[in-house]
Amino acid sequence: MSTSSLEDPVDRIERLAAENAVVIFSVSTCCMCHAIKRLFCGMGVNPTVYELDEDPRGGDMEKALMRLLGSSSPVPVVFIGGKLVGAMDRVMASHISGTLVPLLKDAGALWL
């Protein structure tokens with residue numbers, strides 16, 4: 001058994017989130033997840049996406065994300081610069097208020 005299979009789901013989420021500028025935890029059949037991926041791609045950001053339904057430990061990660069968010073709907077969950085931004089509502093509120101682009105620039109995900 002490898003150490004990654006013994007890793008706590010929250011530790012795994014934080015490690016994966018810190019490895020790239022924009023990380024989205026998603027479920028491949030979720031329409032909100034699809035919409036959030038389209039939003040970032042449309043802005044010229046290339047997010048790293050982890051499809052939890054395609055990961056053998058995705059269920060544990062999904063439960064951990066629900067605990068982190070304090071929410072019953074765990075996906076999509078977005079991390080920018082290793083920091084938890086939140087689910088769809090928080091990302092869209094940040095986008096509408098104009099705070100999303102500076103976050104993306106600070107994380108090195110957007111240059112313009």
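1. Please keep in mind throughout that this is a predicted model. I begin with the pair formed by α3 and α5, where Met-32, Ala-35, Ile-36, Leu-39 and Phe-40 in α3 meet Met-88, Val-91, Met-92 and His-95 in α5. Sorted by class, the residues of this contact comprise eight nonpolar and one polar, with no charged residue among them.

2. As to the geometry of that pair, the axes of α3, which covers residues 31-42, and α5, which covers residues 88-97, come within 11 Å and cross at roughly 30°. Angles under 35 degrees count as roughly parallel, and α3 is therefore described as roughly parallel to α5. The crossing in which α3 passes α5 is left-handed.

3. Which residues of helix α2 are buried? In this helix, which spans residues 9-18, they are Pro-9, Val-10, Arg-12, Ile-13, Leu-16 and Ala-17. When one looks down the axis of α2, these buried residues fall within an arc of 160°, and so they line one face of the helix. A reader with the structure open may wish to look along that axis and then follow what the buried residues pack against, namely β1 (22-26), β2 (48-51), α4 (58-69) and β3 (77-80).

4. Of these partners, α4 deserves a paragraph of its own. The axes of α2 and α4 are 9 Å apart, and the two helices pack at an angle of about 85°. Because angles of 65 to 115 degrees count as roughly perpendicular, α2 is classed as roughly perpendicular to α4. On the α2 side the contact is made by Pro-9, Val-10, Arg-12, Ile-13 and Leu-16, while α4 contributes Asp-60, Met-61, Ala-64, Leu-65, Arg-67 and Leu-68. The residues of this contact divide into eight nonpolar and three charged, with no polar ones.

5. Is Arg-57, in its loop, buried or exposed? This residue lies in the loop between β2 and α4, and its relative accessibility is 16%, so it counts as buried, the cut-off for that term being under 20%. The C-alpha atom of Arg-57 is separated by 8.1 Å from that of Pro-9, although the two residues are 48 residues apart along the chain. Pro-9 is itself one of the buried residues of α2.

6. Asp-89 is found in helix α5 and, with a relative accessible area of 56%, is exposed; its C-alpha atom is 15 Å from that of Phe-25, a residue 64 residues away along the chain.

7. Lys-83 lies in strand β4, which runs over residues 83-86, and at 61% relative accessibility this lysine counts as exposed.

8. Asp-106 and Val-23 are 83 residues apart in sequence, and their C-alpha atoms are 15 Å apart in space.

How values were computed
Residues are numbered from 1 along each chain as its sequence is written. This is a predicted model: local features need pLDDT of at least 70, side-chain atom pairs count only at pLDDT 80 or more; totals for chains, interfaces and linings use all residues. Side-chain values use heavy atoms; hydrogens and water are left out. Axes are lines fitted to C-alpha atoms, for helices over the stretch in contact, and angles run from 0 to 180 degrees between N-to-C directions. Helices (H or I, at least four residues) and strands (E, at least two) are DSSP runs, numbered from the N terminus. Angles under 35 degrees count as roughly parallel, over 145 as roughly antiparallel, 65 to 115 as roughly perpendicular and the rest as oblique. A crossing is left-handed if the near helix is turned anticlockwise from the far one by less than a right angle, and right-handed if clockwise. Contact means heavy atoms within 4.5 Å. Ala, Val, Leu, Ile, Met, Phe, Trp, Tyr, Cys and Pro count as nonpolar, Asp, Glu, Lys and Arg as charged, and the others, Gly among them, as polar. Buried means under 20% relative accessible area, exposed over 50%, partly exposed in between (1.4 Å probe, protein chains only). The arc is that of the directions from the helix axis to the C-beta atoms.
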